[in-house]
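Could you have a look at this one with me?

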Amino acid sequence: MTVDRVKRKAWMDQQSALRPMLEKGTDPEKGLGICLSQHAQLHTNAIANEPWSFQDEVLEKTSDTLFRRIPKGMEHSMAWALWHAARIEDTALNILVAGTEMVLDEGGWNAKMGVKPRDTGNAMGKSKINAISKQINLEQLLAYRLAVGKRTQEIIKGLNPSELRQKVQQERLIKLTDEGIVVPNAYGLIEYWGNRTIAGLLLMPATRHNFVHLNEMVKIKKRRM
């Protein structure tokens with residue numbers, strides 16, 4: 001697999017430049033435009049007309065077996081990593097940023113993907129990770145991931161720069177526990193999100209978290225059993 005290190009480095013450099021624009025408000029309007037591009041590059045190129053898609057690059061020439069396997073010495077499969085990235089993005093952007101329902105529930109995606117868990121996957125045990133890796137419908141997983149990405153693009157486009165430095169609303173955080181979207185063993189995630197601003201959530205998870213797990217998928221794909 002050929003991974004474009006130059007483009008990944010350029011993405012990281014741009015992410016560093018983006019942070020003060022959003023978090024400190026040095027240029028929020030320009031920052032939102034860059035954020036849209038950064039986010040799109042981490043999804044399939046069907047999201048937007050970007051010159052590079054990290055996801056498409058990672059998934060090129062990936063067989064069903066390769067997608068599902070958990071290599072020796074590693075905790076996740078490529079399938080689980082992509083599912084988890086989508087669940088985190090869906091949860092944070094829809095519930096915490098937009099105050100809307102998750103794409104997962106609106107589209108009945110659990111039934112389509114053939115999996116039961118509707119949480120984010122944080123603190124998930126080995127047996128459940130293995131079960132998702134084996135059972136999930138890969139075509140529907142990619143479709144869910146695409147639907148989440150499209151919704152995120154809509155949310156970012158609809159944000160007013162004045163909203164970026166607002167903290168996450170407490171009632172939205174409570175929804176995560178009340179509905180079992182974040183499980184008790186992962187409540188540290190709620191504390192983390194509770195200390196973030198909207199700008200912070202655009203950086204992590206909307207962009208950087210996806211980047212982290214796509215990098216993980218590169219390593220999984222290269223690792224022999």
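Here are my notes on some backbone angles and charged pairs.

1. Before anything else, keep in mind that this is a predicted model.

2. Most residues other than glycine have a negative phi. You'll find Lys 61 in the loop between α3 (54–59) and α4 (64–68). Lys 61 counts as exposed because its relative accessibility is 77%, and the cut-off for exposed is over 50%.

3. Ala 123 isn't a glycine either, yet its phi is positive, at about 65°. Look for Ala 123 in the loop between α7 (109–113) and α8 (126–135). With a relative accessible area of 52%, Ala 123 is exposed.

4. Now for the charges: side chains of opposite charge can pair when their charged atoms come close. How many salt bridges does the count come to? The count is 12. One of them joins Asp 4 to Lys 7, with the closest N and O atoms 3.8 Å apart.

5. Arg 118 and Asp 105 form a salt bridge too, at 2.5 Å from N to O. This pair links distant parts of the chain, 13 residues apart: Arg 118 is in the loop between α7 and α8, while Asp 105 is in helix α6 (residues 103–106). Both belong to a salt-bridge network that also includes Glu 101, Lys 175 and Glu 179.

6. Finally, check Glu 106 and Arg 151, whose side chains meet in a salt bridge (2.6 Å, N to O). Glu 106 sits in helix α6 and Arg 151 in helix α9 (residues 138–158), so the pair ties together parts 45 residues apart in sequence. Glu 106 is partly exposed, at 47% relative accessibility.

Note on methods. Residues are numbered from 1 along each chain as its sequence is written. This is a predicted model: local features need pLDDT of at least 70, side-chain atom pairs count only at pLDDT 80 or more; totals for chains, interfaces and linings use all residues. Side-chain values use heavy atoms; hydrogens and water are left out. Helices (H or I, at least four residues) and strands (E, at least two) are DSSP runs, numbered from the N terminus. Buried means under 20% relative accessible area, exposed over 50%, partly exposed in between (1.4 Å probe, protein chains only). A salt bridge is a side-chain nitrogen of Lys or Arg within 4 Å of a carboxyl oxygen of Asp or Glu.
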